[in-house]
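Please look over the sequence and the model shown here before reading on. The report is meant to be read beside them.

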Amino acid sequence: MTAMTRRSLLTGIAATAGGLLTGCDQLARNESFREALFSADNVHRWTQRALTDRNALAREFRPDQISPYFRPNGVRNPGTPEYAAMSADNFAAWRLQVTGLVNRPLSLSLPQIQALPHREQITRHDCVEGWSAIGKWRGVPLRTILDGADLKTNARYLVFRCADTNGGARPYYESIDLVDAFHPQTILAFALNDRPLFVANGAPLRLRVERHLGYKHAKFLTGIEAVASLENIHGGNGGYWEDVAGYQWYAGI
Ligand SMILES: Nc1nc2c(c(=O)[nH]1)N[C@H]1C(S)=C(S)[C@@H](COP(=O)(O)O)O[C@H]1N2
Ligand SMILES: [Mo]
């Protein structure tokens, strides 16, 4: 489905949903309920759910379909002194910080993450620039980490912080909602094609969120922050490319 048809479909369904909902008058008389109900955010979430089953799995491929070369794209090395020192030492000093709206903030080393139950998946990565590659990823389901951190009930999104900061001015970051966060193929990957991630592909840890376009798959992870809103995070659009180039926050494929 093209972006245009998807958008017109969304508008149509939003209008229908609005029409149907005016029937539920008891609850709708309650002021705060009504506000929550008709916030743009909720309408967006419902229409996305109505269009596709958000928990459906992305296609998985056979080992013989793996691309001989998984092309790196975007930043290929964060290039900061901190990152260089960590990568020279096999990321012994690296930690993944899990913070924000959680009852149990975490600071996890790579061996700690690798010791958790893994998932392997052979999937196709689609970049908006018009190339695709099939790779075999191994990582820990994000769900496992979130269960450990114990999300607070007001957490709505997860923000992924990365080591590439473009000189500190514009750090790469991304965000997803909790439907995608708990999707079974959403993993924090530390291996590609049975080898530890190369720096160019996001060492030591990167997000794989398989129902989404390439730019959502944040590389060089340093932290995950649970938030109630994306409004005050950098440009407020939920991701680096969303802020600088107007890419869609919801990049579902
Ligand atoms: N931290 C960070 N993550 C990133 C990027 C980036 O520049 N920095 N580029 C994104 C884009 S546009 C794509 S297509 C994929 C590329 O992943 P790859 O380098 O493993 O091919 O990473 C995404 N994640
Ligand atoms: Mo991309």
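## Basis of the report

This is a predicted model, in which local features need pLDDT of at least 70 and side-chain atom pairs count only at pLDDT 80 or more, while totals for chains, interfaces and linings use all residues. Residues are numbered from 1 along each chain as its sequence is written, chains are lettered from A and ligands numbered from 1 in the order in which they are written, and side-chain values use heavy atoms, with hydrogens and water left out.

## Overall chain

The chain contains nine helices and 10 strands. Helices (H or I, at least four residues) and strands (E, at least two) are DSSP runs, numbered from the N terminus. Of its 253 residues, 45% are buried; buried means under 20% relative accessible area, exposed over 50%, and partly exposed in between (1.4 Å probe, protein chains only).

Among contacts (heavy atoms within 4.5 Å) with a separation of 6 or more, 69% come from residues 24 or more positions apart.

Five strands form an open sheet in the order 2-1-10-5-6, with mixed pairing. Its edges are strand 2 (106–108) and strand 6, each of which pairs on one side only. From one strand to the next, the twist averages 15°. Helix 7 (residues 142–149) packs on this sheet and touches strand 1, strand 2, strand 5, strand 6 and strand 10; its direction makes about 135° with that of strand 2. Axes are lines fitted to C-alpha atoms, for helices over the stretch in contact, and angles run from 0 to 180 degrees between N-to-C directions.

Strand 10 (residues 221–227) is mostly covered, with five of its seven residues buried. It pairs with strand 1 (residues 96–100) in the parallel sense over four bridges; two strands pair if DSSP finds at least two bridges between them. Gly-100 has Ala-226 in strand 10 as its bridge partner. Strand 5 (residues 157–162) runs antiparallel to strand 10, and six bridges join them. Strand 5 also pairs with strand 6 in the antiparallel sense, over five bridges. Arg-161 has Gly-223 in strand 10 as its bridge partner and stands opposite Tyr-173 in strand 6.

## Salt bridges

A salt bridge here is a side-chain nitrogen of Lys or Arg within 4 Å of a carboxyl oxygen of Asp or Glu; by this rule the count is 13. One of them joins Asp-177 and Arg-54, at 2.9 Å from N to O. This pair links distant parts of the chain: Asp-177 lies in strand 6 (residues 173–177) and Arg-54 in the loop between helix 4 (40–51) and helix 5 (81–88), 123 residues apart. Asp-177 is buried at 4% relative accessible area, and Arg-54 is buried at 4%.

Arg-208 and Glu-210 form another salt bridge, with the closest N and O atoms 3.1 Å apart. Arg-208 is buried at 0% relative accessibility, and Glu-210 is buried at 5%. The side chains of Asp-64 and Arg-62 also meet in a salt bridge, at 2.9 Å from N to O. Here Asp-64 is exposed at 58%, whereas Arg-62 is partly exposed at 46%. A network of salt bridges links Glu-120, Lys-136, Arg-138 and Asp-194.
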